[in-house]
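Dear colleague,

Please find the structure below, together with its sequence. A summary of the findings comes after it.

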Amino acid sequence: MKYSLHIFLIFISLLVLSACEKRKTLVEIGNEQQVLHVGNPDEIADVDPHTTTGSTEHNVQTALFEGLVVQEPETLEIKPAVADTWSVSDDGKIYRFHIRDTAKWSNGDKLVAKDFVDTWHRALLPALGNQWASYLFVIKNAEAFYKGELKDFNDVGVKALSDQDLEITLANNTPYFLQLLNHNSMYPLHTKTILKFGAIDERSTLWTRAENFVGNGPFMLNEWTPQKLISVVKNPNYWDVQNVRLNEIRFYPIQSEVNAERSYRAGQVHLFDKLPAEKVSSYSDKKDPALRTFQMYGTYFYRFNTTIKPLNDVRVRKALAYALDRESLVKNVTGGGELAAYTLTPPNAYGYTSNTKIPYDPNRAKALLAEAGYPNGLGFPKFKLLYNTTEVHQKIALAIQEMWKKSLGIEIQLENQEWKTFLENQRTMNYQICRSSWVGDYVDPDTFLQLFITDGGNNETGWSNPVYDQLIKNAASATNEAERFEYFQQAEKILNDEVPIIPIYTYVRNRLVSPSVKNWKNHLQDFWVYKDLYLEPQATK
Amino acid sequence: MTEFKINIEKGTSLTHDAFMRLRKNNMAMIGLCILIFFIAIALLTPLIAPYTYEGQNLELGATPPSALHWLGTDVLGRDQLTRIMYGSRVSLMVGFIATAVALLIGVLWGAIAGFLGGRVDAIMMRIVDALYALPFTIFIILLTVIFGSSMLLLFLAIGAVEWLTMARIVRGQVLTIKGQEFVEAAITMGLSPWQIITRHLIPNVLGPIIVYTTLTIPSVILLESFLSFLGLGIQPPQSSWGSLISGGTETMEEYPWLLIFPGLALSLTLFSLNFLGDGLRDALDPRASKD
Amino acid sequence: MFLFILKRILQSAPVLLLVTAVTFFMIHAAPGGPFSQERAVPPEVIKRLNERYHLDEPIWQQFVGYLGHLLHGDFGPSFKYPTHTVNDLIAAGFPATFELALYATLFALVIGLTAGIIASLKPNSLQDYVPMSAAMLGICLPSFVLGPILLLVFGIWLQWLPVAGWGQIAGDKILPSITLGAAYAAYIARISRGSMLEILSQDYIRTARAKGLSNARIIFVHALRGAITPVISFLGPAIAGLLAGSFVVETIFQIPGLGRFYVQAAFNRDYTMIMGCTIFFAFLIVVFNLLADVLLVLLNPKVRQEVSGGH
């Protein structure tokens with residue numbers, strides 16, 4: 001017995017001893033060596049931009065690739081990158097880019113105009129199954145080629161005029177085209193490397209392994225151990241390498257935001273994706289300089305299944321929407337500083353703000369419900385509110401359940417499902433009301449309003465309005481911005497009159513970025529830009 | 001727990017003695033009282049709960065314990081005392097029913113396998129092995145994913161997992177005592193295998209069974225909380241201790257009372273179950289009475 | 001003995017086949033597929049992906065195809081992480097999980113047996129209540145509560161130990177091992193206390209005492225040997241459970257282990273990964289159960305006789 005007690009005591013004292021000496025944290029060491037430690041919200045599926053779609057992958061891809069142009073995160077201003085100059089024709093349809101002489105791949109190969117042609121050719125090969133292919137459809141004949149109606153890629157509007165000059169012909173005047181070029185789906189890929197490891201349209205070959213990878217971004221792939229680490233190091237062949245000050249970025253997949261925050265506090269990461277809402281006040285109260293709060297180009301909303309009774313009655317949909325006190329929701333429930341949303345498109349995007357809205361008006365909500373035949377919710381059928389399992393969605397759903405009960409006398413049931421089941425039910429419209437969200441692919445109302453065209457892949461409400469469809473089409477071929485925005489205003493008015501969805505809030509992101517990280521900038525779509533970052537050791541407390 | 005009482009009541013004077021001994025064990029009696037207290041609360045909750053379990057007060061939000069809300073409120077301003085009371089219904093029910101299922105199957109299975117030995121034992125234990133080899137965590141996850149989460153599924157799934165270990169332990173014990181004189185004596189006396197198993201083997205391995213049962217109930221309650229942690233537990237706005245605790249863990253620094261009180265309710269229940277189990281073990285040990 | 005082991009191994013083949021079949025049909029019955037995501041995937045893309053991974057074939061045909069690959073020891077490519085094969089991912093994740101389970105088991109054994117023996121020597125005294133109540137804490141606190149508490153106290157408030165990683169910073173293996181092992185320590189403590197009490201009250205111990213053998217000798221040589229039997233029958237499956245149950249701890253401490261891969265695969269509908277992990281874990285469970293049985297046989301001469309004589 002004595003022995004076992006001894007063993008126990010020895011164990012405890014070993015534990016204490018081993019722990020007692022003051023360690024330097026990863027962040028402190030990283031600051032000295034210009035190594036940035038980043039918490040990425042998940043393990044990446046792949047590095048190849050043509051076969052991945054998530055922001056998790058995007059966070060890594062922005063380090064490894066660079067498009068023709070980049071966007072200044074805070075002002076959204078377009079700046080030269082692989083292309084040093086460019087020109088646009090008067091009708092806005094023909095773009096000519098000059099690729100800078102110093103542009104190179106990470107293996108030292110020269111980056112030429114044809115690389116873009118080959119990359120986009122690959123992106124449009126149907127067998128590849130590129131989910132971003134529709135992004136390229138703004139280019140003339142790209143859609144026809146993708147659908148097999150056109151066999152010869154030379155007829156698609158991308159041409160290498162010389163090694164240095166690239167000409168792109170668009171189908172329509174697309175004011176947001178330069179923005180698209182900064183998107184991962186438009187990055188150039190080193191097709192020679194891809195061909196070394198398989199056919200050009202073969203998915204998921206080994207070309208993205210660290211030892212095989214070739215890219216053109218400020219960093220290049222150094223190590224990729226699943227669920228553990230992705231390390232990227234400075235690319236010596238990058239054209240602007242003298243201005244890259246970080247030596248390495250290490251991405252750790254951290255699935256839980258709560259865990260990520262703890263890693264931050266323990267000095268193991270410089271920054272991570274999202275600070276959970278409950279933690280925000282503890283940082284904002286003491287004005288912690290690490291806390292960055294910024295609006296995102298995304299909307300949280302509820303979808304109605306407009307094909308079933310009684311939700312096919314616009315009065316019922318309006319009643320449910322008008323009864324939601326979204327101000328109270330963002331103030332008391334979500335807690336991350338979100339903005340109450342009364343229309344689908346987030347405000348102030350390159351000058352567009354919807355001039356109609358779905359108001360909060362409980363009295364009219366009651367009247368509308370009575371008009372629809374359910375005074376005080378009497379006889380209203382039982383229905384379910386579907387959401388996927390996370391704490392935030394649950395809190396919001398519970399609050400909304402209570403709001404409808406109090407103000408309309410309607411009892412709803414909540415149903416939470418895990419992600420894939422939820423998606424399946426949303427996709428097949430096997431729901432009555434479900435939780436949804438959309439973050440814009442580019443900063444333009446088009447990315448939101450496109451969602452609800454008849455039979456759109458992301459419509460998922462069964463709602464359809466031919467006038468709406470026409471307005472969206474008109475906007476696409478409009479010749480100037482005022483005209484385009486006018487079409488969008490009219491379309492959004494229809495959406496707000498017929499209420500196939502209830503906008504709830506505009507996303508606001510809270511992020512902790514260690515004060516030692518300099519030049520970190522917030523971006524409306526939350527693109528992470530690493531090129532200009534550097535680390536400055538902090539005076540120890 | 002019901003099984004024990006049945007065993008105790010229909011037993012001989014030996015078990016009557018055991019019951020008397022149990023009454024003298026203070027810790028066990030305190031455990032029993034706490035357990036009865038929680039069971040009573042679970043039964044009476046709809047009558048005595050101060051609020052409704054889903055009633056919110058968004059303006060109020062999360063508040064520490066106060067005169068109005070004795071155990072504080074959660075982020076939606078719901079009364080935590082009420083939610084813990086309703087949660088006890090779910091958690092205790094899962095714990096007792098699933099354990100009862102596991103106990104019944106496991107004890108009989110293990111005892112029969114251990115006593116009969118040979119080929120029967122081999123076959124029976126291979127079946128246990130086969131079931132053991134299923135990674136049950138994933139199976140329960142898959143099941144809840146396919147069929148949605150429901151109480152019945154929870155009982156079945158958990159009961160199906162827990163009886164296996166019970167069967168193994170009982171078998172192991174039976175193997176060690178079956179060579180002893182009293183069993184051999186019973187065999188020569190011509191008792192049927194069933195009689196030997198129920199009258200001689202099971203009572204004599206009751207110690208480990210009770211110890212393991214007192215471990216099974218908590219582990220069942222914990223398994224339910226693990227499912228809650230994965231988001232596969234009970235549907236809101238209903239609550240179970242597991243769902244309250246797993247929710248409370250997320251905000252344990254901001255709103256510690258949301259973790260402490262449901263955690264306390266769970267721990268108290270588990271502690272009392274264990275002390276009661278210990279008491280029963282000591283009381284039921286037939287040899288202890290010879291001292 | 002050798003025959004006994006061989007026989008058990010042969011017997012486990014149908015078990016593994018059954019596990020494979022049940023899992024295969026179950027995961028394919030689960031709603032949602034590996035390629036669905038929030039942004040609608042164009043139907044033609046889904047079609048191509050299904051063709052590529054043979055998901056467009058009838059389910060039995062897929063199963064036969066899968067078994068064919070399985071016979072060659074090939075689990076196929078992961079659906080979620082398509083550049084990696086399931087074999088690679090298992091090889092990448094298992095060492096960490098195994099190491100974690102090993103340390104957790106050692107921790108559980110040392111703490112559990114110590115507490116159990118101490119408690120059994122003076123039942124119903126303070127010496128019984130204190131270690132057992134401490135052991136109880138391990139059972140009462142789910143690992144998803146204990147983990148964050150340890151992490152907050154030792155990682156953040158005291159800054160003694162790292163809060164994440166595995167083998168990256170010195171000391172990052174301590175907290176996860178304790179978190180995972182705590183519940184099992186409690187189980188072992190209770191089981192060993194129970195069986196110690198049982199044994200200490202038996203006649204041969206009384207005889208030993210009467211013969212004047214020292215207390216330590218009685219406890220460590222005679223009683224412990226008998227008392228450890230139920231601990232071992234608990235341990236076999238427990239280690240398997242530790243491996244599969246390490247998911248929570250791996251998530252909390254961001255350990256690149258297989259448990260984390262596995263549970264996420266279920267949520268991701270990563271069919272091949274779920275299958276591969278299930279079969280792999282099932283195999284491990286079979287092995288550990290076998291090991292436990294062999295140990296039991298070695299420790300208990302009566303059973304040993306039966307095994308060698310009976311078959």
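Predicted model: local features only at pLDDT ≥ 70, side-chain atom pairs only at ≥ 80, totals over all residues.

Residues are numbered from 1 along each chain as its sequence is written, and chains are lettered from A and ligands numbered from 1 in the order in which they are written.

Helices (H or I, at least four residues) and strands (E, at least two) are DSSP runs, numbered from the N terminus. Two strands are taken to pair if DSSP finds at least two bridges between them.

In chain A, 6 strands make up an open sheet of mixed pairing, in the order 13-17-12-16-14-15. Strand 13 (339–340) and strand 15 (412–417) of chain A each have a single partner strand, so one side of each is left without a neighbour in the sheet. Within chain A, strand 14 (residues 383–388) and strand 16 (residues 433–439) run parallel and are joined by 2 bridges; L385(A) has I433(A) as its bridge partner in strand 16 of chain A.

A residue is buried if 20 or more other C-beta atoms, placed from the backbone, lie within 10 Å of its own. Strand 7 of chain A is joined by 5 bridges to strand 5 (residues 94–99) of chain A, and the two run antiparallel. Strand 6 (residues 158–160) of chain A also pairs with strand 7 of chain A in the antiparallel sense, over 3 bridges, and a hairpin of 4 residues connects strand 6 to strand 7 of chain A.

The buried residues of helix 17 (481–498) of chain A, among them Y487(A), F488(A) and L495(A), pack against helix 15 (446–449) and helix 16 (466–477) of chain A.

Residues are in contact if their C-beta atoms, placed from the backbone, lie within 7 Å. Between chain C and chain A, the contact takes 46 residues from chain C and 45 residues from chain A. Helix 4 of chain C gives the most to the side of chain C that touches chain A, with 8 residues. Chain B has 15 residues in contact with 18 residues of chain A.

Yours sincerely

Key:
Contact = placed C-beta atoms within 7 Å. Expected span 1.5 Å × (residues − 1). Buried ≥ 20, exposed ≤ 12 C-beta atoms within 10 Å, placed from the backbone.
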